[in-house]
Amino acid sequence: MARMTTAELRGYHQICGSDGAMMVIACDQRGSMRSLLTPDKDEQAKIDNDMLGDVKADITRYLASKASCVLVDPICAVPNLVDKGLIDRGTALLIGLDASGWDTTPEGYRLSKLVDGITARRVRELGGTGGKIMVYLRSDTPAANTHNIAILDQVIADFVKEDLLLVVEFLTYALESETPEAYAAKIPELIQGGSKICLDRGSKVLKIPYPGSAESCAAVTKLAGDVPWAVLSAGVNHETFLSQVDIAMESGASGVIAGRSLWKDCISLDRAVTRQRLETIAVPRLREIQAVIARHRAPAVKVA
């Protein structure tokens, strides 16, 4: 397994809390964030990058300031978070490289995309502690992954050259020929297989969907070895995610990178409403997640 360099390890320590666990607030979404702000397609089209940037600034100031790190995109959020002093000096900054959405092949495979001009060097110039890349993978269908693995190789090599921390995320998806039931049954296999693909390409920190069970989480931990992995929320409801975090941490996960499950019902085009909901709804949710992490991170009490 690939080991972090001293510089990468320093970046990793900064995205973790004092307990050594990742607690990252993700708000690098663009398309899904627009749909949460309004269901009306015409109104969504009126939400420009500056408006999304305001929402991300509020999430950073009112929620991420109480975590160890925030994950944002380079289109709407930076450099404003840094240049305008909106990010707390103690909050680490991950910058996403993946573009919103995906292209589709005639076979229905998803092709991941990168934001133009965002390299490891540019992430450093924007004040990032590190970067994050997300690709779509179907580990049981090699033909679906050629384009996306090439992107993964390109980005990993770039960050290695710059000696900068990179978090690697993958998502999986149903093929056009699959029923929802058939796809759901494959989730543990697909998460384990996708993790192996990322690890084999040299990933040093993983952000992955919940692997589906305690047994599957443990299998990912065994695959990862010394490589830390964080579970993402995928927009599930808060109570469901709390249970997933509990199982993942018990089974060897190194933390959480969560977005929509924390703030999806808090954001509004009215910034006063957003701020009030972040403080009264999202922050208590964050505290509950932190309590779960702390319980698993607490040192064992020695009996004399």
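Here are a few questions and answers on how some elements of this predicted model pack and pair. Local features need pLDDT of at least 70 and side-chain atom pairs count only at pLDDT 80 or more, while totals for chains, interfaces and linings use all residues. Residues are numbered from 1 along each chain as its sequence is written, and side-chain values use heavy atoms, with hydrogens and water left out.

Q: Why are H10 and H12 called roughly parallel?
A: The axes of helix H10 (residues 238-250) and helix H12 (residues 271-297) cross at roughly 15° and come within 9 Å. Angles under 35 degrees count as roughly parallel, so H10 and H12 are roughly parallel to each other.

Q: What makes the contact of H10 with H12, and how do its residues divide?
A: Contact means heavy atoms within 4.5 Å. On H10 the residues include Phe-241, Leu-242 and Val-245, and on H12 they include Arg-285, Glu-288 and Ile-289. The contact residues divide into seven nonpolar, two polar and seven charged.

Q: How do you know that both faces of strand E2 are covered?
A: Buried means under 20% relative accessible area (1.4 Å probe, protein chains only). In E2 (residues 69-72), Cys-69 and Leu-71 on one side and Val-70 and Val-72 on the other are all buried.

Q: What makes E1 and E3 partners of E2?
A: Two strands pair if DSSP finds at least two bridges between them. Strand E1 (residues 22-26) has three bridges with E2, in the parallel sense, and strand E3 (residues 92-96) has four with E2, also parallel. Cys-69 is the bridge partner of Val-24 and stands opposite Ala-92 in E3.

Terms used. Axes fitted to C-alpha atoms, helices over the stretch in contact; angles between N-to-C directions. Helix = DSSP H or I, 4+ residues; strand = E, 2+ residues; numbered from the N terminus. Parallel < 35°, antiparallel > 145°, perpendicular 65-115°, else oblique. Nonpolar A, V, L, I, M, F, W, Y, C, P; charged D, E, K, R; others polar. Buried < 20%, exposed > 50% of the residue type's maximum accessible area, 1.4 Å probe, protein only.
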